[in-house]
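Dear colleague,

Please find the structure below. My notes on it follow.

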Amino acid sequence: MGKRAVPWFFALALSLCAQPGKPGYLARCAGCHGEDGSGGGHGPGFVQLATPRATARAQLSDILRHGIPGTAMPAFALPPAELEAIADYTWSLKTAAPAAPAATNGDAAQGEREFNARCARCHMVRGRGGVLGPDLTTVGRDRTPAQLLTALRGGAGSSLTVKLRDGRVLRGIARNRSPFDLQLLDADGQLHLLRSEQMASALDGPSFMEPVRGDTGHLLAYLATLREPVGLAPGATLGPGIPFADIIRPRPGEWPTYNGLLSGNRFSPLAQIRRANVSKLAPQWMFPLPGAPGSLQTTPLVVDGIMYVSSVNEVYALDAGTGRPIWHFQRPRTKGLAGDAASGLNRGVAVLGDRVFLATDHAHLLALHRATGQLLWEVEMADYRQNYGATGAPLVVNDLVIAGISGGDEGVRGFLDAYRATTGERVWRFWTIPARGDKEAATWRGNALEHGCGTTWLTGTYDPETRLLYWPTGNPCPDYNGDERVGDNLYTDSVVALDPATGKLRWHYQFTPHDLHDWDATEPPVLADLDGRKLLVQANRNGFFYTLDRVTGELLRAKPFVRKLTWASGIGPDGRPVLAPGQEPVAGGQRTCPSVAGAANWTSTAFDERSGLYYFFAHESCTIYSKRAEPWQAGQSFYGGTTRRSAADGGEKILKAMDLRTGEVAWEIPNIGGSILGSGVLATAGGLVFYGDGRGAFVAADASNGKLLWHFNTGANWRAGPMTYTAGGRQLVAVAAGNTILAFGLPSE
């Protein structure tokens, strides 16, 4: 007599019961997460998540071992064998369904056609479809056929119909709801941020998902094939939302790109908060990012009343008027990184259409849906195992997302990439370091070329009139030893002007040829129109303030903006520095000014075209530079030497207002405190300059003379620049203070 086939679900149950990790899971995990992983009395489910923390078995072990900082998930100090057994069982709950059980033996191709006809309006698969329901890209991996069948037969969730006091009626899904507000996602994917005083009534109703009657075999067969995370999204289109025209000329009260404006100029026309009333400024809301490493470096974006803030591998969408979260996307941090990426740095996101773009610590670029946080596509820019990372905010130009990479002290080969916002397809790559045989390779005599750095980690700027993209580049490697890279080392320590459609170089200017002091040119390249001339200005890390013609790249002016400057006596008529003797690093150490952190750094600057004043931080300091020979190694930095502080020189941070017409400093605020790696600045039409000082205070000064007008002590360690926007008709100023987003405004009238 032949063996009787055991139904797959019974076999599955038997196999799960036999797993040695089940008792440990039931004892330690089920109380929070439920017996089957679908959620318990004290914690969330993990069997189906739009953005799971663990997408691989090894990540799950790491979560059990270390917990999740900032949440109720503790670390478990267990013997390795017991911990791994629990991890095995937990992972089996997430991946319990067989690849093709009998219940899914229909025609997957026919099932896909049925899905597109009846489900795709609400559900997304691989970047295509609707957002009212969950993303189903990996539903075949995350749900068993039995769970899928239950959902298809019984429908899921409920709807909400809201009557507004102005007579409108909205129907959708409640993303978040409280006695004070409601976040409603309607059937067209539009998010409505409603206040209690706007609503006359809100009634629960039937689900948008009608139960599936009749044969479900084909549909189940198709859903069971959906197991792989999204990569590219071929055929995807850009949904409605933020057009590029609204990024070129932001709508009143919005901040749609890293610097607010594509010009890189953090000057806002908002003037509700002004000199006469800034003394009344007070906190309006705060939102901490739990578990964020160190101090946040993000600049929030605000469009359509939604604020987007980021930390390493995560994005929050917040109600810009209240700070209440709308959605949260997060990935685990990547292990085995080198340099800044390993520190967990992230400076922000970009938006276009219906998407938000984030660069991850391991040099991936992600597109998320702006209303829900669903992953639309993902591409790898570079292999992080070769010391690559990403820390900067991308920049949107037309239909492209421009993103740079980090690793500028770790011996990578620098480049800048452009990707289609719709599909994630790479359109072009500009190498900042040449390959052997290129004509620019003649500026790299020696063996360092293949690991020359020149990274692109700070967000660039764009001029829609000249149709040029301007991007600053980092230092050459090894940083302090130039013996194996004799020559100018193009295109390090430069600004490159590129055709944004093709990535072709139009012109470049190199601020520090053959840099031996780690003076990246990754300071904001701000575009300024003054007296009929199109300018690009930058307070460079090397201590000189540069004014260039941004159409041609011609140097118009270069003047020192700090007193402590020993490496060069000036910039010659040919645009090259006039080097001072005896300033190169040596084995025993050589004092040189400015310091390795620079006379300026990456933090934000601002320019007021009305007054011609440019606001930026300067630092008076020096460093002892030493060199040594060392080979490049994966996972390690490639400095070629060391540095130490020149204690005798101190270090003073100063806020300067420079008149771009004359090149002279109009006023300054000395002794700001802290290092140059701190807060940036924001200028507004209210006649104010906002910044964070080195003692934890958020400060407003008179933009015309530097008089201090207001401050609020946060106790924060500043690493981010402020921005401003409007919500509900009120101007707010927001800044990342430590690991918290703070929003300030005037009292409501």
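In which loop is His517 found? His517 sits in the loop between strand S25 (505–510) and strand S26 (526–530), where strands are DSSP runs of E with at least two residues, numbered from the N terminus.

Before the rest, some conventions. This is a predicted model, in which local features need pLDDT of at least 70 and side-chain atom pairs count only at pLDDT 80 or more, while totals for chains, interfaces and linings use all residues. Residues are numbered from 1 along each chain as its sequence is written, and side-chain values use heavy atoms, with hydrogens and water left out.

Confidence: the average pLDDT (the predictor's confidence in each residue, from 0 to 100) of the chain is 92, and 95% of the residues score at least 70. Over residues 1–17 the pLDDT is below 50, and this stretch has 14 contacts in the model beyond near neighbours in sequence; contact means heavy atoms within 4.5 Å. Residues 97–103 also stay under 50, with 14 contacts beyond four places in sequence.

His517: this residue is buried, because its relative accessible area is 6% (buried means under 20%, exposed over 50%, partly exposed in between, with a 1.4 Å probe and protein chains only). Its side chain reaches the backbone oxygen of Gln583 at 3.0 Å. Leaving out residues up to four places away in sequence, His517 touches residues including Asp479, Tyr480, Pro585 and Tyr625.

Val351: this residue belongs to strand S14 (residues 350–352) and is buried at 1% relative accessibility. Beyond four places in sequence, its contacts include Ile247, Leu301, Phe357 and Arg370. Val351 and Ala648 are 297 residues apart in sequence and 46 Å apart in space, C-alpha to C-alpha.

Cavities: a search of the whole structure gives five of 30 Å³ or more. A cavity is a set of points, on a 1 Å grid over the protein atoms alone, where a 1.4 Å probe fits but cannot get out; lining residues have an atom within 4 Å of a point. Grid points are joined across faces, edges and corners, and a volume is the space filled by probe spheres set on the points.

- The largest cavity has a volume of about 60 Å³. Strand S34 (residues 613–620) supplies the largest share of its lining, three residues. Among the lining residues are Glu523, Asn601, Tyr614 and Phe617.
- The second largest cavity holds about 50 Å³. Its lining includes Pro293, Gln297, Val312 and Asn346.

Regards

Conventions:
On a 1 Å grid over the protein atoms alone, a cavity is a set of points where a 1.4 Å probe fits but cannot get out, and a pocket is an open set with protein on both sides within 12 Å along at least five of seven lines; lining residues have an atom within 4 Å of a point. Helices (H or I, at least four residues) and strands (E, at least two) are DSSP runs, numbered from the N terminus. A polar contact is a pair of N or O atoms within 3.5 Å; within protein, one must be able to donate a hydrogen and the other to accept it, and residues adjacent in sequence count only if both atoms are side-chain atoms.
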